[in-house]
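Keep the viewer open and follow along as we go.

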Amino acid sequence: MTAAAEGAPPLRMTRARRNALLQSEPVQGFALISPTFLYALILLVLPILVVIAHSFWTQHYLTIDRTFTLENYRVALTEPIYRDLLWRSLYISLTVSFFTVLLAYPIAYFISFHGGRHKSLWLFLITIPFWTSYLLRVMSWKVILGYNGVLNSGLMGLGIIDEPSTALLYNSSAVIITLTHAWAAFAILPIFVSLEKVDRTLVEAATDLGDGPLRSFLRVTLPLSAPGIISAALIVMIPTVGDYVTPKLVGGKDGVMIANAIQAQFGKAANWPLGAALSVTTMLIVSLMAGATVLIIRALQRMAR
Amino acid sequence: MTARSRFLPGGWLSAYAFLYIVFLYLPVIFLPIFSINTAPTPKFPLTGFTLQWYEDLPRTPALLDAAWNSLIVGVSASVLATVLGILAARSITRYRYPGRRAINGLIMAPLVLPEVIVAISMLLVMLQLGLSLSLFTVVLGHVLVCIPYSMTVLTSGFEGFDRSLEEASADLGESAFGTFRRVTLPMVAPAIISSLLVCFTISLDEFIIAFFLTGTEATLPIYIWGQLRFASKLPGVLALGTLLLVASFLLMTIAEILRRRAARRTQNEGGLYA
């Protein structure tokens, strides 16, 4: 293409140059991605900016007053009900991501180091329940943990308990169990990917140099897979903090999370600006928590070496 | 090597992997079990086999409407998301340009954002623009959340795609369209079908975004949500849920087989000519 431009007579130079520019790699690449990019800009970035703008406004019945105010943030951060919901959501999402990563790591390790030829079959087996409807998975936990549910009736049938326990459903533990199950598969993939990248000769070198199996795992494999642990933790933590279905179905009164309060502001309570401020606050705090998690895991990784 | 297998020996790990699979599948399996049980409440011991709950399903007009709506939304969202996914995946795997990673990150972002916040932001904008909520707004939302999955499937199909094949075709006198139709398309077709199936499954199962962005029309998950309030409707919901589980399972299995075939095809071709 450039050759054509160089050989062109001076008069047609500009057009040829423009063609060369149009056919250059960056321009073509950008042109190709622009529809998708625009879609994301209009339906993701713009909406989030609109939410941020709303969080600084006030609502009077059906009209929005666009004078700048921080009142919504004061309410979101100091009203006991929202403060408690925020803390609980953060606690639940942190606990869930901790357990998901803890439970997922051995599986990812098993597939990566002992999976042999069947690695992709294992990964497929483990991810398939994840592809079923999230709503249905939460619903099945309601069936399991309910007062007249599978677990209670099963335990009673086995003679372990005499009457149905009410402690199983409608509390934050039920939310944690359900979310840990729902996100299990999501944590395995990033850990698996980073374990695949661990240079096996390094593990052998550590063993040859006299490290026991446990030591070589703790000092070589585990630190080298830290990036996978980080992304697994974040991929679970950020979405679960804003979970709506699980607290609504199995959380009861003690398991309500911030997303339920946000939804109420856009529904019954009809206070969009407060709902917007709650959304922004949640995102900011979970980002801080995610950042802290990254720093802590990195520090642990350095210590292990 | 031996030391590695001595620590966390394969035996212990295999046992753990087995238990883990049970933990993943067991809760889901209760849905089909209780959907063919005669008792209206899901508890042990099982009382007897029946298909009554399934037979009732086609006699519920609201359910049929919801199924039709889900089909419309699923097909529209998967086609749109796959078209946008093809453009983006092709651009990412084929070209190098500044800002490529940032744009990719933005397109993939819905995957890791809390769905409620994505849904509410879109709701605000749509209400501000005066769009009335309908299945169309649900499609718009589903396309956004489907694109990242479509991208993942398509990128793995497009990667390793040997550009010299296209160049050879062009050198041998094929037009750009001819090259696309006779060289590019056959190689990436399995990945594209796989992306369509994955997106359809996601749209079929997606609840939150549909819940916020729909007007009066329900999709299947919204219909299920509405039924959950009534304890007496539970067996029907379990039966419907089982059908959805089976549909998702089949669609995803076909999608995975196709995705692997696509990845293998591009790699083999690349290997042959490299």
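Let's begin with confidence, since this is a predicted model. Chain A has an average pLDDT of 85, and 93% of its residues score at least 70. Residues 1-8 of chain A are another matter, with a pLDDT below 50; beyond near neighbours in sequence, this stretch makes nine contacts in the model.

Staying with chain A, the domain assignment divides the chain into domain 1, covering 2-54, and domain 2, covering 80-304. Taken over C-alpha atoms, the centres of these two domains of chain A are 40 Å apart.

Now bring in the partner. Of the 274 residues in chain B, 45% are buried. Among the contacts in chain B with a separation of 6 or more, 80% join residues 24 or more positions apart.

How do the two chains meet? In the contact count, 72 residues of chain A pair up with 72 residues of chain B. Helix 3 of chain A, residues 25-54, gives the most to chain A's side, with 20 residues. Sorted by class, that side of chain A has 50 nonpolar, 19 polar and three charged residues.

The nonpolar residues lead us to the largest nonpolar core, which has 162 residues. Those that touch the most other members are Ala104(A), Ala108(A), Ala187(A), Ile191(A), Ala119(B), Ile120(B) and Val143(B). Both domains of chain A take part, as the core draws at least three residues from each of domain 1 and domain 2. To see one of these residues up close, select Ala104(A): leaving aside neighbours within four places in sequence, Ala104(A) is in contact with Ala184(A), Ala187(A), Ile188(A), Ile191(A) and Ala232(A).

On the chain B side, Ala119(B) and Ile120(B) are among the buried residues of helix 6. This helix, residues 115-128, has 14 residues and reaches 20 Å from its first C-alpha to its last, close to the 20 Å expected at 1.5 Å a residue. Helix 6 of chain B is mostly covered, with twelve of its 14 residues buried. What does the covering of those buried residues include? From chain A there are helix 3, helix 12, helix 14 and helix 15, and from chain B itself helix 7 and helix 10. After helix 6 of chain B comes Gly130(B), whose phi is positive, near 80 degrees.

Helix 7 of chain B, residues 135-158, holds our last stop, Gly141(B). Is Gly141(B) buried or exposed? Gly141(B) counts as buried because 28 other C-beta atoms lie within 10 Å, where 20 or more are needed. Setting aside neighbours within four places in sequence, Gly141(B) is in contact with Ala119(B), Met122(B), Ile209(B) and Leu213(B). Two of these names, Ala119(B) and Met122(B), bring us back to the buried residues of helix 6. Finally, Ser203(B) is 62 residues away from Gly141(B) along the chain, yet their C-alpha atoms are separated by 9.6 Å.

Methods
Residues numbered from 1 in each chain as written. Chains lettered and ligands numbered in written order. Predicted model: local features only at pLDDT ≥ 70, side-chain atom pairs only at ≥ 80, totals over all residues. Contact = placed C-beta atoms within 7 Å. Helix = DSSP H or I, 4+ residues; strand = E, 2+ residues; numbered from the N terminus. Nonpolar A, V, L, I, M, F, W, Y, C, P; charged D, E, K, R; others polar. Domains from an automatic or database assignment. Expected span 1.5 Å × (residues − 1). Core = buried A, V, L, I, M, F, W, Y, C linked by C-beta atoms within 7 Å. pLDDT = per-residue confidence, 0-100.
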